[in-house]
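Dear colleague,

I am handing over the structure below, and after it you will find what came out of the analysis. Please read the notes alongside the coordinates.

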Amino acid sequence: MRKLSVFIAMSVDGYIAKPNDDLSFLNMVEKEGEDYGYSDFIDTIDTLIVGRKTYEYVLKNIGASHYDIGQRDVYVITRTARPNVGRTIFYSGDLVNLIAELKSGNGKNIYCDGGAEIINELLKHDVIDELIISVIPTLLGDGTRLFQEGRPEQLLKLIMTKTFETGLVKLHYVKK
């Protein structure tokens, strides 16, 4: 069975964005030639789940090729139906049903790139199999929290930690 993974960065105090969806704090750990394991991770997936706001932010600031390279299905979770574009599917149905369908299918693993609303909905239904969290050495104090209230307690097993000279710490957990 395919697994659903989250690979995301957050501040030490648990924020994935500053107010107004500002991700500039991620720049403090940019280092030429270092992707913190992202390329290796991406090689293990062929399906991506992403919220509409995160998708639009990436399109605007990084470019469409970050998600849609024609080699994987990209499900953009949205409340408003839109026509699909290539392998990018704008999905407005039941998220948990989509995950169950994808997990039972053939292929590589599934990656949820956020945002926080999507991740917390998936956590609420206990369908995330692994969390790979890069902790950025800063305290933001405000913004978008990665983990929100209203989800059940979930036990995790730490399978790896890795520190980097930039101060970033990567934590890799799987569901117990």
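Seven aromatic pairs are present in the structure, where rings of Phe, Tyr and Trp (its six-membered ring) pair if their centres lie within 6.5 Å, and planes under 30 degrees apart count as stacked, over 60 as edge-to-face and the rest as tilted. One of them joins Y38 and Y111, whose ring centres are 6.3 Å apart with planes at 70°, so this pair is edge-to-face. Because Y38 sits in helix α1 (residues 38-42) and Y111 in strand β6 (residues 109-112), the pair ties together parts that are 73 residues apart in sequence; helices (H or I, at least four residues) and strands (E, at least two) are DSSP runs, numbered from the N terminus. Y38 is partly exposed, with a relative accessible area of 22%, whereas Y111 is buried at 2%; buried means under 20% relative accessible area, exposed over 50% and partly exposed in between (1.4 Å probe, protein chains only).

A further edge-to-face pair is formed by Y75 and Y91, at 6.5 Å centre to centre and 80° between the planes. Y75 belongs to strand β4 (residues 73-77) and Y91 to strand β5 (residues 88-91), so here the pair ties together parts that are 16 residues apart in sequence. Both Y75 and Y91 are buried. Ring pairs also link F7, Y38, F41 and Y111 into a cluster.

Please keep in mind that this is a predicted model, in which local features need pLDDT of at least 70 and side-chain atom pairs count only at pLDDT 80 or more, while totals for chains, interfaces and linings use all residues. Residues are numbered from 1 along each chain as its sequence is written, and side-chain values use heavy atoms, with hydrogens and water left out.

As for the chain as a whole, its secondary structure comes to four helices and ten strands, which follow one another along the sequence as β-β-α-β-α-β-β-α-β-α-β-β-β-β. The radius of gyration of the protein chain, taken over C-alpha atoms, is 16 Å, close to the 16 Å that the globule rule (2.2 Å times the number of residues to the power 0.38) gives for 176 residues, so the chain is as compact as a globular protein of that length. Buried residues make up 43% of the 176 residues. Among contacts (heavy atoms within 4.5 Å) between residues at least 6 apart in sequence, 73% join residues at least 24 apart.
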